[in-house]
Amino acid sequence: MRWNGKKVLITGSMGIIGRALVSRLVSESAQLLSVDIKPTNWSDNSIKHVQADLSKVIPDECASFGPEVIFHLAATFERTIESPGYWKTSFDNNVLATHRLLEKVSSLDSLKLFVFASSYLIYDPKLYMGAIEVCSLKETDPIAPRNLVGLAKYFTERELSFLEDTERQFRAVSARIFRVYGRGSRDVISRWVRAGLRGERIEVWGKDSRFDYIYADDVAEGLIKLAESQNAEGIVNLGLGRSRSIGEVIDILKQRIGTLQINEITSDIQRESSQADMSLFNKITGWVPSTTLEEGIQQIVEYERKLVRNGQ
């Protein structure tokens, strides 16, 4: 696929993955329509931005733009403990917003590809929660969404599958993304880096839990690789393919920051041991993410230190 001049719609474009995706596609000279609940701060005037809450209204520009490719990233997350009232937030922003977007664009003659940012939280947690050995999750593994986020993602996956089977107008790819982290994010690694640089104490629990941490820039590149491959369709994992413990994250932070004040607290949350089986992704694209946890954390530390020096 050549991106030069191709019309691409990106929802959730101001998020951690969205920003990296926009930057990458701008460098490939794609025509971009950026949609996010936040106002734009793009320095490139060629990017058209629409500020909108997709849970309330789908902008007419999503259709009139005539997108050939849609990357749907917009979502609301609460990973560990979903707070009271989140059931409505999740439905409005994850289920309803996506359904209405599909209503708006699914019949467009221009649309050839819909790439959806799904989640590994769809897999049955019995596979990897409380497990002694790390579970390498495969696309064919049992499904039992672990929380409302996973349930919402699974609903959209099923809607996309239904549309593909009945409408047959566009190709759909659902990338089940693992633990994303990156510069300027609200993820736990970024929060710990900011706290560490300020000399604040961080709270840590479950140091033995292991996650597949994937750098946001690699996620963006991975989504592009899936879009570029005509063999990509349906469900595909997107992670680094290697799990790392929270204890290892802390050790890397100590090496990169220096003194780190830690408050270890107890929790009744089960130990997690998960990672992505990236065999299908590699077979389809011939590529796998390459940013190690050490490299990713180093980039975050440098980014946050620069903000501190600039008084931000």
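Visitor: Why is Glu221 called buried?

Guide: This is a predicted model, and its computed values answer the point. Glu221 has a relative accessible area of 16%. Buried means under 20%, so Glu221 is buried.

Visitor: What makes Lys225 partly exposed?

Guide: The relative accessible area of Lys225 is 22%.

Visitor: What makes the contact of Lys225 and Glu221 a salt bridge?

Guide: The side chains of Lys225 and Glu221 meet at 3.7 Å, N to O. A salt bridge requires a side-chain nitrogen of Lys or Arg within 4 Å of a carboxyl oxygen of Asp or Glu, so the contact between Lys225 and Glu221 is a salt bridge.

Visitor: Why are Lys225 and Glu221 separated by about one helical turn?

Guide: Both belong to helix α6 (residues 216–228), and they are four residues apart there, which means a separation of about one helical turn. Salt bridges that share partners also join Arg24, Glu28, Glu221 and Lys225 into one network.

Visitor: Which residue forms a salt bridge with Lys88, and where do the two lie?

Guide: The partner of Lys88 is Asp92, with the closest N and O atoms 2.7 Å apart. Both residues lie in helix α3, four residues apart, about one turn of the helix. Lys88 has a relative accessible area of 47% and is partly exposed.

Visitor: How do you know that Asp60 and Lys104 meet in a salt bridge?

Guide: Their side chains meet at 2.7 Å, N to O. The cut-off is 4 Å, so the pair of Asp60 and Lys104 counts as a salt bridge. Asp60 lies in the loop between β3 (48–51) and α2 (61–64) and Lys104 in helix α3 (residues 86–105), so the pair ties together parts that are 44 residues apart in sequence. A search of the whole structure finds 15 salt bridges.

Visitor: Why is Asp60 called exposed, and what makes Lys104 partly exposed?

Guide: Asp60 has a relative accessible area of 55%, and exposed means over 50%. For Lys104 the value is 27%, which lies between 20% and 50%. Asp60 is therefore exposed, and Lys104 is partly exposed.

Visitor: Which residues make the nonpolar surface patch of about 230 Å²?

Guide: The patch is made by Trp205, Ile265 and Ile269. Ile265 is found in the loop between β14 (262–264) and β15 (274–276). Its relative accessible area is 32%. Patch residues need over 30%, so Ile265 passes that cut-off while being partly exposed.

Methods
Residues numbered from 1 in each chain as written. Predicted model: local features only at pLDDT ≥ 70, side-chain atom pairs only at ≥ 80, totals over all residues. Heavy atoms only, no water. Patch = residues over 30% accessible without salt bridge, like charges linked within 9 Å, V, L, I, M, F, W, Y side chains within 5 Å. Areas by Shrake-Rupley, 256 points an atom, 1.4 Å probe, with all protein chains shown as cover. Buried < 20%, exposed > 50% of the residue type's maximum accessible area, 1.4 Å probe, protein only.
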